[in-house]
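User: I want to go through the labels on this model one by one. Please set each value against its cut-off.

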Amino acid sequence: MSRFQNVTFYTSVNDARDLPLHSGIEVAFAGRSNAGKSSAINTLTNRNRLAFVSKTPGRTQQINFFQLNTEHFFVDLPGYGYAKVPYSVRQYWEKLLSDYLQTRESLKGLVLIMDIRHPLKSLDIQMLDWFAPTGKAIHILLTKADKLSRQQANITLKEVTLYLRKAYPQCSVQLFSSLAATGVEDATIVINEWLKTN
């Protein structure tokens, strides 16, 4: 199975006009600040510092593109929901995110990162509401699963699955832990399926 190990930094943009032109497929990663998005990208690519991991939420302030091969890209979107970011900056990020998610033709699917201890917050729902109307695939990683007992993690997974089945039926969801490398193969299978269909 292809793990995403031959990945390189491609470009960063903070304006929709600067989004790169190519004929390939993009898989985007989004999530609340400090939900473990950068760690998930690093774990999936088996790289320690591909995406910058910070203890300070809100550090990813641009759209970062990582090239898997000539036709495939991972796209690291700015974390959302960090209160200390100035309101005007937050507004700008939200417009950039929504424009990218709703109009980007090369975007195949969205990997949405949620801390398993705090899933389905209002801004997560807003992200789903932005993206779901496109009809494209959404896969949710319930990160930091190692922070809960296996029983509690499975209870949360079941609750989130039931909610999504009713509200966002094109969503899939799984447990994930960067620290314990839990769920890496499952996530890899999903993303590889997206990358196959061009």
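**Labels and cut-offs**

User: What makes F4 and F74 buried or exposed?
Analyst: F4 is buried, and so is F74. Buried means under 20% relative accessible area, exposed over 50%, and partly exposed in between (1.4 Å probe, protein chains only).

User: What are the ground rules here?
Analyst: This is a predicted model, where local features need pLDDT of at least 70, side-chain atom pairs count only at pLDDT 80 or more, and totals for chains, interfaces and linings use all residues. Residues are numbered from 1 along each chain as its sequence is written, and side-chain values use heavy atoms, with hydrogens and water left out.

User: Why is F9 with F66 called an aromatic pair, and which geometry does the pair have?
Analyst: Rings of Phe, Tyr and Trp (its six-membered ring) pair if their centres lie within 6.5 Å; planes under 30 degrees apart count as stacked, over 60 as edge-to-face and the rest as tilted. F9 and F66 have centres 5.9 Å apart and planes at 70°. So the two rings pair, and the pair is edge-to-face.

User: Where do F9 and F66 sit in the chain?
Analyst: F9 is in strand β1 and F66 in strand β3 (residues 63-67), 57 residues apart. Strands (E, at least two residues) and helices (H or I, at least four) are DSSP runs, numbered from the N terminus.

User: How do you know whether F66 is buried or exposed?
Analyst: F66 has a relative accessible area of 3%, so F66 is buried.

User: How many aromatic pairs are there in the whole structure?
Analyst: The search finds five. F4 and F74 form one of them, edge-to-face, at 5.0 Å centre to centre and 65° between the planes. Ring pairs also link F4, F29 and F74 into a cluster.

User: Why is D15 with R17 called a salt bridge?
Analyst: A salt bridge is a side-chain nitrogen of Lys or Arg within 4 Å of a carboxyl oxygen of Asp or Glu. The N to O distance for D15 and R17 is 3.0 Å. Therefore the pair qualifies.

User: What makes D115 and K144 a salt bridge?
Analyst: Their closest N and O atoms are 3.9 Å apart, so the pair meets the cut-off. D115 is in strand β5 and K144 in the loop between β6 and α4, 29 residues apart. D115 is buried at 8%, while K144 is partly exposed at 22%. D115, R117 and K144 are linked in a network of salt bridges.
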